[in-house]
Amino acid sequence: MQMELHTGIELAIALTHQPTLPDLLKTATTQLETTFGLTHCWALELDLSGRTLHCSALPGEGEFDCGDFSHPFAHLLQTGKARELTRAASHRLDHPGFQNLIEASKRPESLWLEPLRGNDGRTLGILVLCRNAPDWSGIVGQPLYLGLLQLLTHQWVAQLQSRDQVWQRRLLKRSLDTLHDAETVRKQSQTLANTLVGTSDVMTRLRAQIVRAAGSQLSVLIQGETGCGKDVVATGIHELSDRADGPMVVVNCAAIPDSLLESELFGHTKGAFSGADQAKEGLLAQANGGTLFLDEIGDMPMALQSKLLRVLESRQFRPLGAQKEQHSDFRLVAATHQPLRQSIEDSNFRRDLFYRLSQFPLQITPLRERLDDLEPLSRHFIRLYRAREGAGPSGISSHALKLLATYDFPGNARELRNIVELACLQTPAGDDIQPDVLRLTDVFADPCTAQAPGAEWYSTEAAAGSGTEEIRDLKAAAQAFEAAVIRERLRQYGGNRAQAADSLGLPKRTLAHKCLKYQVTQV
């Protein structure tokens, strides 16, 4: 009796010092095997759903469906009573999982199946005791065995409660984090709506995406048509990020000649090439600690694309003429109006660079597909005009908005701003913009007669010699003529800048620069 008491105390101490449920079950089965001379002891845990028993210590098939009565565990859970199972009886059962347990137990003479319940009546699982003697009364009737079962079930319930509490705390934390994240997104999206204006569903989703992009360090690729506000999106990402206090360096890849673009990006040492009279810090170095915005990256030369890819992978670069590499910690945002996937197929853009740039892709929907944004955008541009000029219209009439809704805006929000600002100039201060001052048809209906900013009167007929007496600004007239020719040539070649530039005897990059300067949109 003293030996049993001594053994019981040791077993109790061992069971109460286990940190997790798997540790508890492993210790309990090992101690039961040693104390009572069992060949094996298995602990089958009932999952939270009450549908499956599983034993992590059992090799191979260790799960038993509680609704499958081809194995004895389902009957045992239903009756709640322990029972003995002989080798002969177990041999007749053809359940593969149960036969796997028998094989892992080395086919004992007898099994004792003991269902375990907590004090609250909750079924915890089943103990499977294996030995090569048929008499179990000398074991399962002992006070030591019964005491150990009681302690095991008590500790089992305590482990489940602890696990439930941990899970509940994790669930609560996750819920609070989700609410906090949603509130952060809402507030930052609301701030972003002051510059990225629009009430449509697509704009609401875009603002939420921008907030999430700003919270990461992933490279962002902004794609959308000319004039849709890619620069506004890029600025929003920078200002909402943890790099907002750092610089935002903007590089227009289409406006810088190929021969200068590499020097602008990487910088150069004194004497690196002809004309390099002094060392110059590159834009990559200037973007350290901030954001590097590569606008119109689709126009970047192939040779420079491979160098940029290496920089993005290592953040290391070497200025022209330098012997040592430099490091720059920048976050990359790129934008393009070109279909890069088609450029990849045409071998004009590197596939690996595309995937490196588009870790977080953003697509801006053209204005013609979100006409719900016409009114808030128009009023936003009117407010900007009034703030700049000190006076202007108070708003825009419903008839004017209806007229705007009939137009498809190939130049997107930028074109709408030009139209609204021109209308502001022709509307008395304090009045609403009316349809008669919206220059849509006569300005934009035919690309040949489209007007450049500051030369609203211009038409290609004037270029032919008629109406020249109305010219008051020769420079504006020359720019308007140039813009009209470029627009017509782009229309002729279906928007292909390379063909249009070649037909005009211009480098493609020069044509791109003029398109930006004169706000020529592709038709």
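Which residue of S14 does Ile-222 stand opposite? The legends below treat a predicted model, in which local features need pLDDT of at least 70 and side-chain atom pairs count only at pLDDT 80 or more, while totals for chains, interfaces and linings use all residues. Residues are numbered from 1 along each chain as its sequence is written, and side-chain values use heavy atoms, with hydrogens and water left out.

**View 1. The open sheet and its strand order.**
Five strands with parallel pairing make up an open sheet, in the order S8-S11-S14-S7-S15. Strands (E, at least two residues) and helices (H or I, at least four) are DSSP runs, numbered from the N terminus. Two strands pair if DSSP finds at least two bridges between them. S8 and S15 are the edge strands, each pairing on one side only. On average, and with direction ignored, neighbouring strands of this sheet are turned by 15 degrees against each other. Axes are lines fitted to C-alpha atoms, for helices over the stretch in contact, and angles run from 0 to 180 degrees between N-to-C directions. Contact means heavy atoms within 4.5 Å. Helix H8 (residues 201-214) lies across S7, S14 and S15 and runs at about 155 degrees to S15. Helix H9 (residues 230-240) also packs on the sheet, where it touches S7, S8, S11, S14 and S15; the direction of H9 makes about 155 degrees with that of S7.

**View 2. Strand S7 between its two partners.**
Four bridges link S7 in the parallel sense to strand S14 (residues 331-336), and four bridges join S7 to strand S15 (residues 360-363), again running parallel. Ile-222 stands opposite Ala-335 in S14, whereas Leu-221 stands opposite Pro-361 in S15. In a regular strand the side chains alternate between the two faces of the sheet. In S7, Val-220 and Ile-222 point one way, Leu-221 and Gln-223 point the other way, and all are buried. Buried means under 20% relative accessible area, exposed over 50%, and partly exposed in between (1.4 Å probe, protein chains only).

**View 3. The surroundings of Gln-223.**
Gln-223 belongs to strand S7 (residues 220-223) and has Thr-336 as its bridge partner in S14. Gln-223 counts as buried because its relative accessibility is 18%. Apart from residues up to four places away in sequence, Gln-223 touches Lys-230, Thr-336, Gln-338, Leu-340, Leu-362, Gln-363 and Ile-364.

**View 4. Two nonpolar cores.**
A nonpolar core is a set of buried Ala, Val, Leu, Ile, Met, Phe, Trp, Tyr and Cys residues joined through side-chain atoms within 4.5 Å. The largest such core has 31 residues, and those with the most contacts inside it are Val-251, Leu-292, Leu-294 and Met-300. Among the elements that each supply at least two residues of this core are strand S8 (248-252), strand S11 (291-295) and helix H12 (302-314). H12 gives the most to this core, with five residues. Residues touched by Val-251, not counting those up to four places away in sequence, include Ile-256, Leu-261, Leu-265 and Leu-292. A second, separate core of 28 residues includes Leu-24, Leu-38, Trp-112 and Leu-129.

**View 5. Aromatic pairs.**
The structure holds seven aromatic pairs. Rings of Phe, Tyr and Trp (its six-membered ring) pair if their centres lie within 6.5 Å; planes under 30 degrees apart count as stacked, over 60 as edge-to-face and the rest as tilted. The ring centres of Phe-36 and Tyr-145 are 5.9 Å apart and the planes stand at 80 degrees, so this pair is edge-to-face. Phe-36 lies in helix H2 (residues 21-36) and Tyr-145 in helix H7 (residues 143-192), so the pair ties together parts that are 109 residues apart in sequence. Both Phe-36 and Tyr-145 are buried. Phe-354 and Tyr-355 form another edge-to-face pair, at 5.4 Å centre to centre and 65 degrees between the planes. Phe-354 is buried, with a relative accessible area of 3%, whereas Tyr-355 is partly exposed at 45%.

**View 6. Charges over rings.**
A charge sits over a ring if NZ of Lys or CZ of Arg is within 6 Å of the ring centre and within 35 degrees of the ring normal. The charged end of Arg-131 sits over the ring of Trp-136, 5.4 Å from its centre. Arg-315 lies over the face of Phe-330, at 4.3 Å from the ring centre.
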